[in-house]
Amino acid sequence: GKGVKIAVFDTNINLGHPHFRNVKERTNWTAERKLDDGLGHGSFVSGVMASQSQDCPGFAPDAELYLFRVFTNRQQSYTSWFLDAFNYAIYKKVHVLNLSIGGPDWLDIPFTEKVQEMTANGIIVVSAIGNDGPQWGTLNNPADALDVIGVGGVTDQQTMASFSSRGMTTHEL
């Protein structure tokens, strides 16, 4: 991950977290005046990607982290917060964007068009596919977009988790 800029859109991390030494920027796009992660979700997601812990390293521990707080500690967010954050990520020239979100809102045209703009700018967009399984056709937006890498849940036996959403994409349905 050396030289790779990863943007994480989530609840951020706590300042001085011992597993992250390559945090380039933490920004807050919410109406909440807190920057630290009060839920732990942003810290967990960031850790999977770029933890520098000896006991549990991330997949790319040398990557540069750009942390975008787009969710409050009450798990609230708005499209406008995402749109502003997307524009800033393009400005910062990030390479990879992680969205641990998903929903059936594929008709949120400003959001879906902005995700397309991200990929058109050469940014690899990775998004959760959702927790609405096990039926097929439960794949959520934005992971249902053809140019987004969708990530599902697995068990500790490396099989698909029962709760994990499954394809087809909304566009295929």
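Author: In this predicted model, the second largest pocket holds about 180 Å³ of space. It is lined by 13 residues, and those closest to its centre are T79, F82, I101, D105 and F111. Here a 1 Å grid is laid over the protein atoms alone, and a pocket is an open set of points with protein on both sides within 12 Å along at least five of seven lines, whereas a cavity is a set where a 1.4 Å probe fits but cannot get out; a lining residue has an atom within 4 Å of a point. A volume is the space filled by probe spheres set on the points, which are joined across faces, edges and corners. By class, this lining has six nonpolar, five polar and two charged residues, where Ala, Val, Leu, Ile, Met, Phe, Trp, Tyr, Cys and Pro count as nonpolar, Asp, Glu, Lys and Arg as charged, and the others, Gly among them, as polar.

The largest pocket has a volume of about 960 Å³, and 31 residues line it, with H41, V45, N98, S100 and A128 lying nearest its centre. Its lining divides into 18 nonpolar, twelve polar and one charged residues. Strand 1 (5–10), helix 1 (41–50), strand 4 (96–99) and strand 5 (124–128) each supply at least two residues of that lining, and the largest share, five residues, comes from helix 1. Such elements are DSSP runs numbered from the N terminus, with helices as H or I of at least four residues and strands as E of at least two.

Strands 1, 4 and 5, which contribute to this pocket, also belong to an open sheet of six strands, whose order is 2-3-1-4-5-6 with parallel pairing. Strand 2 (23–28) and strand 6 (149–151) stand at its edges, each with a single partner strand, so one side of each has no neighbour in the sheet. From one strand to the next, the twist averages 20 degrees.

Strand 4 runs parallel to strand 1, to which four bridges join it, and F9 has L99 as its bridge partner there; two strands count as paired if DSSP finds at least two bridges between them. Four bridges also join strand 4 to strand 5, again in parallel, with V125 of strand 5 as the bridge partner of L97. Both faces of strand 4 are covered, since V96 and N98 on one side and L97 and L99 on the other are all buried, meaning that each has under 20% relative accessible area, while exposed means over 50% and partly exposed lies in between (1.4 Å probe, protein chains only). In a regular strand, side chains alternate between the two faces of the sheet.

Returning to helix 1, S43 lies in it and, at 14% relative accessibility, counts as buried. Leaving aside residues up to four places away in sequence, S43 touches N12, I13, N14, H17, F20 and D37, where contact means heavy atoms within 4.5 Å. Further on, Q52 sits in the loop between helix 1 and strand 3 and is likewise buried, with a relative accessible area of 16%. Among the residues that Q52 touches are H19, F20, R21, P61 and D62.

At the other end of the strand order, strand 2 pairs with strand 3 (residues 64–69) in the parallel sense over five bridges, and T27 stands opposite F68 in strand 3. Strand 3 gives the most to its lining, with three residues, and the lining comprises four nonpolar, one polar and two charged residues.

Helix 2 (residues 79–91) lies across strand 1, strand 2, strand 3 and strand 4, running at about 175 degrees to strand 1; axes are lines fitted to C-alpha atoms, for helices over the stretch in contact, and angles run from 0 to 180 degrees between N-to-C directions. Y91, which is found in helix 2, is exposed, with a relative accessible area of 61%.

Residues are numbered from 1 along each chain as its sequence is written, and side-chain values use heavy atoms, with hydrogens and water left out. Because the model is predicted, local features need pLDDT of at least 70 and side-chain atom pairs count only at pLDDT 80 or more, while totals for chains, interfaces and linings use all residues.
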